[in-house]
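My notes follow in the order I took them.

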Amino acid sequence: MTTRMKHLDNLPGDLIREILARLPVRLLLQLRIVCRSWNSLISSPEFANHHLHRSTLIQPPPLLCWKEAGRRGDIMHCSSQSLILYRQHQPTAFELHPADGIVIQGSCNGLLCLSQGFPFETLTLFNPSTRSVSPSVPFGCSHECGDDVFCGFGYDILHDQYKFVMSCSASSLITYSKVRSGAIVFTFGANPSWKTINPPVFPYDFVGTRNGIFVSGTLNWLVYHPTIDYFELEWFVLTFDLKTESFGRLCLPITRTRSDVIHMPRLQLHNNRLSVCYRTPNMRIICTLWIMKEYGVKESWIKLFEIPCVGMISPCVSVYISEDHHLLGLDESYRKFLVYNLRQNKLVSQVSHGNHTITIFLCHESLVSPSRYSPSTHALLGNCTQLSIRHKLGCI
């Protein structure tokens, strides 16, 4: 043992724990070989939760993960920091085998929830930071919903459980289906469970993605009533509380179509808070971002910023805001990543991300083990396919 290691060994255990909790995941994975005690500490679920809590407070730059729409292939990812600081887009691929039909359904606490088959034949948890993947769990969702499926993935902190929620906005039209009588809540764990609950009253239609956004123990979707005249649309947030397993609704800061809000809003997540972006093309302000400072409190909506129509010809979807006030956005019309300086009110860079539509999922660094919330491989042997992963450099 070196002199330096002897000095470290003399430090109190609580102090070592706090020092390690401040380090990034990649370095912690390397430090496991230092000694048995460090390996045991870093590998423990308690330390993973402590590290996750600290990283949530300091908000490190997230990993951007996506799967190109309409294409077979791997899950791609890149660093949000590289796009903002270095203005480079060098995506890397997670090669999951078998890769056919793999779709990202949600992100929470550093875990991606993946489905395979149409619409959801199996579910898998994957941690991009540690490259660990859980056994696939059979789900067996009915095909009758088609494109009317909406879903979400999140964490129930009260019961320490990860849950996947799925329902069908056309459930009232289905007579012979698992989803006919309600929504399905799937709970990951050593003994996975399915539960059918009362669905929200439909019909509604969804604005943007049908993947729920996880925030403050809830899943959230932006919806509107499709039978109302376009110029009288009323938007609201459909919510699902993972602790009580019940649906609800939240009001938006602007609830109806107005002359200065032409496009439908987009629901997003910024700094662990629910936000909504109103897009206004061909006007002085191209988009406005509102953020809900206290989840569930209508009066806590505040206007965070406005982006003037300078250097951009179409509305962008904001993806991430860095500590130095740079906005990373996605121009869906021209398939480009945009970096906008909020302090100087100017467009910094535009980088093409390819020729296909993508949906971005933010994934924060985490040591959370997918296998801790999944059945053992032995228990599932013969029931479903086990995913394997390789890592390779990708080009777009």
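The model is predicted. I then checked Phe188, which is buried too, at a relative accessible area of 4%. Both values count as buried because the cut-off is under 20%.

Next I turned to ring pairs and counted 13 aromatic pairs in the structure. How are the rings of Phe186 and Phe188 placed, stacked or edge-to-face? Their centres are 4.8 Å apart and their planes stand at 85 degrees, so I logged the pair as edge-to-face. I also looked up Phe153 and Tyr162, which form a stacked pair with 5.8 Å from centre to centre and 20 degrees between the planes. Phe153 and Tyr162 are both buried.

On charges over rings, I noted Arg249 over the face of Phe236, at 3.7 Å from the ring centre.

Then I went to the sheet. I recorded an open sheet of 4 strands in the order β18-β19-β20-β21, paired antiparallel. Which strands stand at the edges? I found β18 (266–270) and β21 (301–308) there; each has a single partner strand, so one side of each lacks a neighbour in the sheet. Neighbouring strands of this sheet are turned by 30 degrees against each other on average, direction ignored.

Last, I checked how β20 (residues 285–292) meets β21: 7 bridges join these antiparallel strands. For Trp290 I wrote down Lys303 in β21 as the bridge partner.

Technical notes: Residues numbered from 1 in each chain as written. Predicted model: local features only at pLDDT ≥ 70, side-chain atom pairs only at ≥ 80, totals over all residues. Heavy atoms only, no water. Phe/Tyr/Trp six-rings, centres within 6.5 Å; stacked < 30°, edge-to-face > 60°. Buried < 20%, exposed > 50% of the residue type's maximum accessible area, 1.4 Å probe, protein only. Lys NZ or Arg CZ within 6 Å of the ring centre and 35° of its normal. Pairing = 2+ DSSP bridges. Helix = DSSP H or I, 4+ residues; strand = E, 2+ residues; numbered from the N terminus. Axes fitted to C-alpha atoms, helices over the stretch in contact; angles between N-to-C directions.
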